[in-house]
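Please consult the sequence and the model shown here while reading.

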Amino acid sequence: MANKETSTNNQNKIFITDCNVTYAVQLVGGRWKLPILLQLEKEKKRFGELKKIISNITERMLTLQLRELEKDGLLIKTVFAEVPPRVEYELTNIGKELMPVCKELHQWGAKHKMGLIESDNDKIK
């Protein structure tokens with residue numbers, strides 16, 4: 001069954017694709033997508049490697065996030081016909097274009113987080 005053109009859900013879909021910032025945030029939003037992308041910046045990685053590096057993510061969540069990133073064209077999944085199967089993930093060109101933005105967000109987050117920690121410590125004194 002199709003959504004009505006005037007439905008809130010349909011209007012939100014239009015907004016997401018019309019607003020560039022909302023579209024971009026929707027692609028990389030969530031707790032795990034940016035850390036996954038940052039881990040793939042320099043080289044391909046296998047599922048197990050990503051799971052070890054991003055230690056608090058569950059296997060199910062890592063699988064879901066990798067599928068979304070692949071569907072959205074930010075990474076490529078390569079399955080090798082071996083026993084046991086080997087799967088590698090790597091950034092697409094679009095994913096690579098996103099890396100400077102990811103790094104800036106990482107740096108901003110570190111700076112902002114330290115500012116919050118310092119201001120909390122000042123409140124305690």
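## Fold and charged contacts

The chain contains 6 helices and 3 strands. Read from the N terminus, these elements follow the order α-α-α-β-α-α-β-β-α. The model is predicted. The chain has 125 residues, of which 22% count as buried. Its accessible surface amounts to about 9500 Å², and carbon and sulfur atoms account for 55% of that area. Of the contacts between residues at least 6 apart in sequence, 43% join residues at least 24 apart.

The count of salt bridges comes to 7.

| Salt bridge | Closest N to O distance |
|---|---|
| Glu 43 and Lys 45 | 3.4 Å |

Lys 103 belongs to helix H6, while Glu 41 lies in the loop between helix H3 (33–39) and strand E1 (45–46), so the pair ties together parts that are 62 residues apart in sequence. Lys 103 is partly exposed, at 38% relative accessible area, and Glu 41 is also partly exposed, at 26%.

In the salt bridge between Glu 43 and Lys 45, Glu 43 is partly exposed with a relative accessibility of 49%. Lys 45, in contrast, has a relative accessible area of 9% and is therefore buried, the limit being under 20%.

Arg 86 takes part in a network of salt bridges with Glu 82 and Glu 88. Glu 88 is buried, with a relative accessible area of 15%. The charged end of Arg 86 also sits over the ring of Phe 80, at 3.7 Å from the ring centre. As for pairs of aromatic rings, a search of the whole structure finds 0.

Helix H5 (residues 59–71) includes Gln 65. This residue, Gln 65, is buried, its relative accessible area being 8%. Apart from neighbours within four places in sequence, Gln 65 is in contact with Trp 32, Lys 33 and Ile 36.

On the surface, Val 101, Leu 105 and Trp 108 form a nonpolar patch, whose accessible area is about 320 Å² together. Val 101 is located in helix H6 (residues 93–124). With a relative accessible area of 46%, Val 101 is partly exposed.

Methods:
Residues are numbered from 1 along each chain as its sequence is written. This is a predicted model: local features need pLDDT of at least 70, side-chain atom pairs count only at pLDDT 80 or more; totals for chains, interfaces and linings use all residues. Side-chain values use heavy atoms; hydrogens and water are left out. Patches are made of residues with over 30% relative accessible area and no salt bridge: like charges are joined within 9 Å, nonpolar side chains (Val, Leu, Ile, Met, Phe, Trp, Tyr) within 5 Å. Accessible areas come from the Shrake-Rupley method with a 1.4 Å probe; for residues, only the protein chains shown count as cover. A salt bridge is a side-chain nitrogen of Lys or Arg within 4 Å of a carboxyl oxygen of Asp or Glu. Helices (H or I, at least four residues) and strands (E, at least two) are DSSP runs, numbered from the N terminus. Buried means under 20% relative accessible area, exposed over 50%, partly exposed in between (1.4 Å probe, protein chains only). Contact means heavy atoms within 4.5 Å. Rings of Phe, Tyr and Trp (its six-membered ring) pair if their centres lie within 6.5 Å; planes under 30 degrees apart count as stacked, over 60 as edge-to-face and the rest as tilted. A charge sits over a ring if NZ of Lys or CZ of Arg is within 6 Å of the ring centre and within 35 degrees of the ring normal.
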